[in-house]
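Try each task before you read its solution.

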Amino acid sequence: MVNPAWLPPEALRHLASRRAVVRSSGPVAQTVVDEITSAGGRVVSGETGTDPIDLHLGSGYGVGEQFSLQRRDGVTYVRAGDANGLLYGFFEVVRRGEAAFGADFPPEEHRPVMRRRMLDHWDNVDVHPVMGQVERGYSGGSLFWDAGRLTDDLDRVSTYARLIASTGINAVSVNNVNVSGAAFRLLTDRLDDVAALADRFRPYGIRTHLSVSFAAPIVLGGLSTADPLDPDVRTWWADAAARVYARIPDFGGFVVKADSEGQPGPFRYGRDHADGANLLADALAPHGGVVHWRAFVYNHRQDWRDRSTDRARAAYDHFAPLDGRFRDNAVVQVKYGPIDFQTREPVSPVILAMPDTALAVELQVTQEYTGQQKHACYLGPQWSELLGWDRVAGIAADGDGLVAVSNVGADGYWTGHPLAQANLYAFGRLAWNPRLDPAAILDEWTDLTFGPHLREPLHDILDHSWRAYESYTAPLGVGFMVRPGHHYGPDVDGYEYTPWGTYHFADRDGVGVDRTRATGTGFTGQYPEPWRDVYEHLDTCPDELLLFFHHVPYDHVLHSGRTVIQHIYDTHFAGAAEAERMRARWHEVRTVDPDLHAKVAALLDEQVRSATEWRDQINTYFFRKSGVPDAHGRRIH
Ligand code: GCU
């Protein structure tokens, strides 16, 4: 039995025996009808006026996906701009439970802040020899692909669509951005597979997108070039897009990783990323599609001896000068931080540097660098902090929206760690409204999934879990002290002498990367005022990002009053202790399904083991480098 996640039958019990009118037609409206019926409600015609009704779902509020809720004359009215709005209004009624049918329910208006709320799946069609079926997947196999074939279990795709639609997701990309093997052919002779997935997403208001390779005209079309300005290449892409739309009329568009970590791109032809993105944008434009062109472009063959190259600078250096040159339907998709989904990074300066380009901000729900769904790490607070920072949410809202790498797979609990479902839920809700409080989102998820009795323990375990993870893995903005390749567990120097550009530069005197304009790589200069100066100077740089921007001696005193070395020791002891506390708290929880309880308990055992390993390796490493003893005399190996 597949775990129902946050939509178990009990979450819809308030609809049982309610009578509803649904004044809309089409596949998405039919989904609403089916939801009401399967929850035990009755959909009635409402024509005669004799049938009393409880719920009325129809049109008449604004445009697009927005909806209003109103209680009048004993009836709850959901009025929406379109069928998606109706579906979202329905799920809002589900979330509100009995209260949505109470006499004192006040009128409300709801509107998505982000126009596109998208999940990218890094699912391979074939099993990749290194990455497996899902790149950076921690939840078993793929929902969509099974060793080269389309899954037999398309009903599970529908169940997934239902879950994510209930949070407001309206776009999904179904294959890995690193396109390899059979995945190339999804664009051509395997298009039926994509269409089969689109058929499952459509009733939930979700449009299907596809990752494509920039080299497709060569690999699939037999052309000798993929040069974006070559007329044959342009024709090839236009024809390819036309064939996709002939088969899938509501297809969303393409996702492209180009000139990044070995993927082909426009650089080979002496063209830039605007040339590349516009090629695909032009092919998609006649059909209303968009290209999501990723800005994750950097030199992954760097010489670690070269102190002048700074990976943090790369995306801005490549993309900011191109602002204004992208077509309206060419979306530049920017990772939230300048490096790579680390536990703590500053906001990517690219987000603030391209006012004349449609941007999408990319997050990682899959926990590649935040515990790989073995650690309980609720990312709502991280995303909320990011989206609350300066103009970030507004820029994404004015542009294309919010995208995240999904954390879902074939696993029985969907997300490997059952509590990682909260991250998937929170992403959708924050994309709908970035101002929602992550603690309130956790309440929603808990109430739907388990019932309100679990609110208190789950807050206790999850509210601070991201900061706990940060404290035992990533002090003061240092990232990448992970085992190379799979990225789980500590290895302080694992990446230090590699070509990947992810260094911490610890020596006997100090640690951190000098990214100042005065003496370092100049990265601080990529920020607008006031941030370029805030980050430039030691006295204004926030503690949690100090070592991201500065190389300082171990006895440098933080704003907190502690030295850098003492901060490292203290946070690692505290973080590992917090993992133990989280585990103890879970053992007090009695009222959940025993299998789920045991699964989470086993994962928390691993979290404690791993956090202890992190604590000991990091503390020992920095003790050996610095020779400075712990002020509290605790055991450092
Ligand atoms: C990270 C991740 C890769 C992924 C890449 C990307 O580097 O480790 O597996 O391909 O991000 O975002 O494209």
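**Exercise 1.** How many residues does the largest nonpolar core have, and which residues have the most contacts inside it?

*Solution.* Keep in mind that this is a predicted model. The largest nonpolar core holds 205 residues. Those with the most contacts inside it are F144, Y160, F201, W237, F427, W586 and F622. Helix α18, residues 594-626, gives the most to this core, with 10 residues. Next, pick out F201: leaving aside residues up to four places away in sequence, F201 touches F144, V157, Y160, A161, I164, V172, V174, I206 and T208. There is also a second, separate core of 5 residues, including V21, V44, I53 and Y77.

**Exercise 2.** Check whether the length of α18 agrees with what its residue count predicts.

*Solution.* Start with the count: α18 has 33 residues. The expected span is 1.5 Å times one less than the number of residues, so α18 should span 48 Å. Just after α18 comes G627, with a positive phi of about 70 degrees.

**Exercise 3.** Find out which residues are closest to the ligand, and how much of the ligand the protein buries.

*Solution.* Begin with the surroundings: 14 residues surround the ligand, and the closest are E135, K257, R294, K335 and E368. Then look at polar side-chain atoms and oxygen atoms of the ligand. The distance is 2.8 Å for R136, 2.7 Å for K335 and 2.7 Å for D340. Finally, the ligand taken alone exposes 320 Å², and the protein buries 96% of that.

**Exercise 4.** Both A147 and H487 have a positive phi without being glycine. Decide for each: buried or exposed?

*Solution.* Take A147 to begin with. Its phi is near 45 degrees, and A147 sits in the loop between β10 (145-146) and β11 (149-150). Exposed means over 50% relative accessible area; A147 has 53%, so A147 counts as exposed. Now turn to H487, whose phi is near 70 degrees. H487 lies in the loop between α14 (465-473) and β19. Buried means under 20%; H487 has 6%, so H487 is buried.

**Exercise 5.** Where does D250 lie, and which residues does D250 touch?

*Solution.* D250 is in the loop between α6 (231-247) and β14 (253-256). Because its relative accessibility is 24%, D250 counts as partly exposed. Not counting residues up to four places away in sequence, D250 touches R202 and R207.

Technical notes:
Residues are numbered from 1 along each chain as its sequence is written. This is a predicted model: local features need pLDDT of at least 70, side-chain atom pairs count only at pLDDT 80 or more; totals for chains, interfaces and linings use all residues. Side-chain values use heavy atoms; hydrogens and water are left out. A nonpolar core is a set of buried Ala, Val, Leu, Ile, Met, Phe, Trp, Tyr and Cys residues joined through side-chain atoms within 4.5 Å. Buried means under 20% relative accessible area, exposed over 50%, partly exposed in between (1.4 Å probe, protein chains only). Helices (H or I, at least four residues) and strands (E, at least two) are DSSP runs, numbered from the N terminus. Contact means heavy atoms within 4.5 Å. A residue is near a molecule or strand if one of its heavy atoms lies within 4 Å of it. A polar contact is a pair of N or O atoms within 3.5 Å; within protein, one must be able to donate a hydrogen and the other to accept it, and residues adjacent in sequence count only if both atoms are side-chain atoms. Accessible areas come from the Shrake-Rupley method with a 1.4 Å probe; for residues, only the protein chains shown count as cover.
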